[in-house]
Amino acid sequence: MPTHLATAVLYSGGGRLLLPCRFLSALLVLLLPLPRAWSQANPADKLLGTIPAVVFTPVNSLTFSADGEKVAYLGYSAGEYYRVLNDVILDRVPMVTSGGPFDVVISPDGSRVAYKVEVGSSQAVIVDGKRGPLFEEVGEPVFSDKGADVAYVARSARGSAIVINGQRRATVKDVEIQQFRFSPDGRTVAYSVSTPLGDSHVIAPRLGKGPVFGSVGSLTFSPDGRRLAYWATSGGRQFVTLDHKRIEPAFSPPITFLDPIVFSPDSKSITYHGWRGEKEFYLIAGKEGPAFDEVADFVYSANGKDYAYVAHAAGHAFIVSTVLGNGRSAEHEAAWSPTFGPDGRSLAYCFASGFSDKGGPIPGRTKYGVTVNGVTGPMLDGVDIASIRFSVDGSHVFYGAQIGRELWRKTIVIR
């Protein structure tokens, strides 16, 4: 899992359904690292905040910090949106703002917050309570992996630029910066631009300007920061490039939903999503895996020796993994987020049952649970999950949860 909240992809009998965990009501997800006894109430649990009755109704993105000390959310009342951090109101904006409400972003270490605001006809980003320079338009702020730096895309009459820590970088004219990615150490960024003709290319440290393609996306640095991979299209075909060099095979027709490209922990190989006709598969270090109706959520163990991902076939979802005895888990209505424990062999994943015919959750009927190395925890409902972390030694896991109007850091000790 990344250090900030990510969107989970649930697979149900109705096909792919994109449901961010933060938006789900009646959802409980517990990713436990070891198949031992499940603890009860834990003194490490902490109430982070309470959504006031009537005054606020949460409408968007519950976001828990990685350290489990902060939770941010967007609420509304009487025609205004409120950005709230724990029990503190950061600011309020009219619901009629042209850009809509803007989420609060918490740094990976939980020490910093950032969000964009409208100031008259301009926009700016507020970082740690201080407003940055005004631009015609700004993008969503993004923290580096260590949280020391924050960047966003800005547009003005001077052109399009990446702003890092309030300073313009990589200003370009006559083209638009589409997206960017921090290197793992946070010292540099790679970014893509589009031309007035609709073509795109990537500019990266050490690699320079890449070839021109029809479109590019999913910029991904290797763990050591020395390599860069991304998706590209040309001539009606879609393919991965590694260090600006095209990799075969190419796929057709191009699709808009693409899983992230995944580097192995040693940065020597990549795994990515492929498709042929109505079937999907992963190319794992250059070797094509088995084909299914859908695949997603590929993840390596920390040592890179094992992997796991979600697959969907014949109306059922399951986990495919090298650590499972027969190579795959039991079948479920929905499954997502395979996660390895610190030992690299323990495997947890979330699953659910009781969806409607259209694939949506049904209060009181839809149940959520977790399986860890074949041991299934309790099936539960009525809780919203937002963030899950293993302890370094694998002895416990904590996660952010909404229980009614209370926002908690919950901790489970593995005895």
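Select Arg168 and show what surrounds it. Leaving aside neighbours within four places in sequence, Arg168 is in contact with Phe135, Ser156, Arg158, Ala161, Ile162 and Val163. Keep in mind that this is a predicted model.

Stay on Arg168 and colour its strand. Arg168 lies in strand S16, residues 167-172. Is Arg168 buried, exposed or partly exposed? Its relative accessibility is 25%, so Arg168 counts as partly exposed; buried would need a value under 20%.

The side chains of Arg168 and Ser156 make a polar contact at 2.9 Å. Then pick Val153, 15 residues away from Arg168 along the chain. The C-alpha atoms of Arg168 and Val153 are 9.4 Å apart.

**Next stop: an open sheet**

Select strands S21 to S24. They form an open sheet of 4 strands in the order S21-S22-S23-S24, with antiparallel pairing. Which strands stand at the edges? Strand S21 (215-221) and strand S24 (245-251) do; each has a single partner strand, so one side of each is left without a neighbour in the sheet. From one strand to the next, the twist averages 25 degrees.

Zoom in on S21 and S22. S22 covers residues 228-234, and its antiparallel pairing with S21 runs over 5 bridges. Click Gly217, then look across to S22. The bridge partner of Gly217 is Trp231.

Select residues 307-313, which make up strand S30. S30 is mostly covered, with 5 of its 7 residues buried.

Go to S29 first. Strand S29 (residues 294-300) runs antiparallel to S30, and 5 bridges join them. Val299 stands opposite Ala308 of S30. Follow the chain through the hairpin of S29 and S30: 6 residues lie between the strands. Stop at Gly304, which takes a positive phi near 80 degrees.

Now move to S31, residues 316-321. S30 and S31 pair in the antiparallel sense over 6 bridges. His312 stands opposite Ala317 in S31. The hairpin of S30 and S31 has 2 residues between the strands.

**Last stop: the whole chain**

Zoom out and show the cartoon. How many helices and strands are there? The chain has 0 helices and 38 strands. Switch to the surface. The chain exposes about 18,300 Å², with carbon and sulfur atoms supplying 53% of that area. Of its 415 residues, 53% count as buried. Among contacts with a separation of 6 or more, 38% are between residues 24 or more positions apart.

Methods
Residues numbered from 1 in each chain as written. Predicted model: local features only at pLDDT ≥ 70, side-chain atom pairs only at ≥ 80, totals over all residues. Heavy atoms only, no water. Buried < 20%, exposed > 50% of the residue type's maximum accessible area, 1.4 Å probe, protein only. Contact = heavy atoms within 4.5 Å. Areas by Shrake-Rupley, 256 points an atom, 1.4 Å probe, with all protein chains shown as cover. Polar contact = N/O pair within 3.5 Å; in protein donor to acceptor, adjacent residues only side chain to side chain. Pairing = 2+ DSSP bridges. Axes fitted to C-alpha atoms, helices over the stretch in contact; angles between N-to-C directions.
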